[in-house]
Amino acid sequence: MSDVVSASTLPELMMARAASATGGDPAITFLRDGAVIATVSSVELVARAQQVAAGLVERGVQPGDRVLLMLTSQQQVVDAFFGAVWCGALPVPLFPPLVAGRLDDFVAPGLLERHAGLPGEPLGA
């Protein structure tokens, strides 16, 4: 097994793992029908989380905010999940096929438009 690290948050644990001697080894393996379709190392996972976190912060997401995740790609879900955690937000996964008309049951009016930049309302409004 790998070295034991001490961390109090998930981002701290991810950074420690990325900085370890095994940081370049696969941390996440994506499968389709039992076959490996992609792997992501701890180093890559941290870089992707930081990139997503920066984008969320640019869109006004603050620590403690909830971030609705409705994505179809496994890799996008992982990136968005860890990016939200990285910036201190709470990821809320909704898995397709959710009927788009039912989104009102899950989010406050205007919230989705502000954070996703959907037509009808500018970002950060």
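Asp-33 sits in the loop between β1 and β2. Its phi is near 55°, a positive value in a residue other than glycine. Asp-33 is exposed, with a relative accessible area of 80%. Here exposed means over 50% relative accessible area, buried means under 20%, and partly exposed lies in between (1.4 Å probe, protein chains only).

This is a predicted model, in which local features need pLDDT of at least 70, side-chain atom pairs count only at pLDDT 80 or more, and totals for chains, interfaces and linings use all residues. Residues are numbered from 1 along each chain as its sequence is written, and side-chain values use heavy atoms, with hydrogens and water left out.

**Overall layout**

- The protein has 4 helices and 4 strands. Both kinds of element are DSSP runs numbered from the N terminus: helices are H or I with at least four residues, strands are E with at least two.
- Along the sequence, the pattern reads α-β-β-α-β-α-β-α.
- Of the 125 residues in the protein, 27% are buried.
- Among contacts with a separation of 6 or more, 54% join residues 24 or more positions apart. A contact means heavy atoms within 4.5 Å.

**Nonpolar cores**

- The largest nonpolar core has 11 residues, among them Met-14, Ile-28, Phe-30, Leu-45, Val-78 and Phe-82. Such a core is a set of buried Ala, Val, Leu, Ile, Met, Phe, Trp, Tyr and Cys residues joined through side-chain atoms within 4.5 Å.
- Five elements each supply at least two residues of this core: α1 (10-19), β1 (26-32), β2 (35-41), α2 and α3.
- Helix α2 gives the largest share, 3 residues.
- A second, separate core holds 9 residues, including Leu-56, Val-61, Ala-80 and Ala-84.

**Phe-82 and its aromatic partner**

- Which residues does Phe-82 touch, not counting those up to four places away in sequence? They are Leu-10, Met-14, Ile-28, Leu-45 and Ala-49.
- Phe-82 counts as buried, at 16% relative accessibility.
- A pair of aromatic rings is described by the distance of the centres and the angle of the planes.
- The count comes to 1 aromatic pair. Phe-81 and Phe-82 form this edge-to-face pair, with 5.4 Å centre to centre and 90° between the planes.
- The rule takes rings of Phe, Tyr and Trp (its six-membered ring) with centres within 6.5 Å; planes under 30 degrees apart are stacked, over 60 edge-to-face, and the rest tilted.
- Phe-81 is partly exposed, at 32% relative accessibility.

**The salt bridge**

- Side chains of opposite charge can pair when their charged atoms come close.
- The structure holds 1 salt bridge. It joins the side chains of Asp-79 and Arg-48, at 3.0 Å from N to O. The term covers a side-chain nitrogen of Lys or Arg within 4 Å of a carboxyl oxygen of Asp or Glu.
- The pair links distant parts of the chain, 31 residues apart: Asp-79 is in helix α3 (residues 74-86), and Arg-48 is in helix α2 (residues 42-58).
- Is Asp-79 buried or exposed? Asp-79 is buried, with a relative accessible area of 17%.
- Arg-48 is partly exposed, at 24% relative accessibility.
- Asp-79 touches Arg-48 and Val-52, leaving out residues up to four places away in sequence.

**Helix α1**

- The buried residues of α1 are Pro-11, Met-14 and Ala-18. Seen down the axis of α1, they fall within an arc of 60°, so they line one face of the helix. The arc is that of the directions from the helix axis to the C-beta atoms.
- The cover over these buried residues includes α2 and α3.
- At the start of α1, a side-chain oxygen of Thr-9 comes to within 3.1 Å of the backbone nitrogen of Glu-12.

- Pro-26 is in strand β1. Apart from neighbours within four places in sequence, Pro-26 is in contact with Arg-17, Thr-39, Val-40 and Ser-41.
- Pro-26 and Leu-45 lie 19 residues apart in sequence and 9.6 Å apart in space, C-alpha to C-alpha.
- Ser-41 is in strand β2. Ser-41 is buried, with a relative accessible area of 7%.
- Not counting residues up to four places away in sequence, Ser-41 touches Gly-23, Gly-24, Asp-25, Pro-26 and Ala-27.

Conventions
A polar contact is a pair of N or O atoms within 3.5 Å; within protein, one must be able to donate a hydrogen and the other to accept it, and residues adjacent in sequence count only if both atoms are side-chain atoms.
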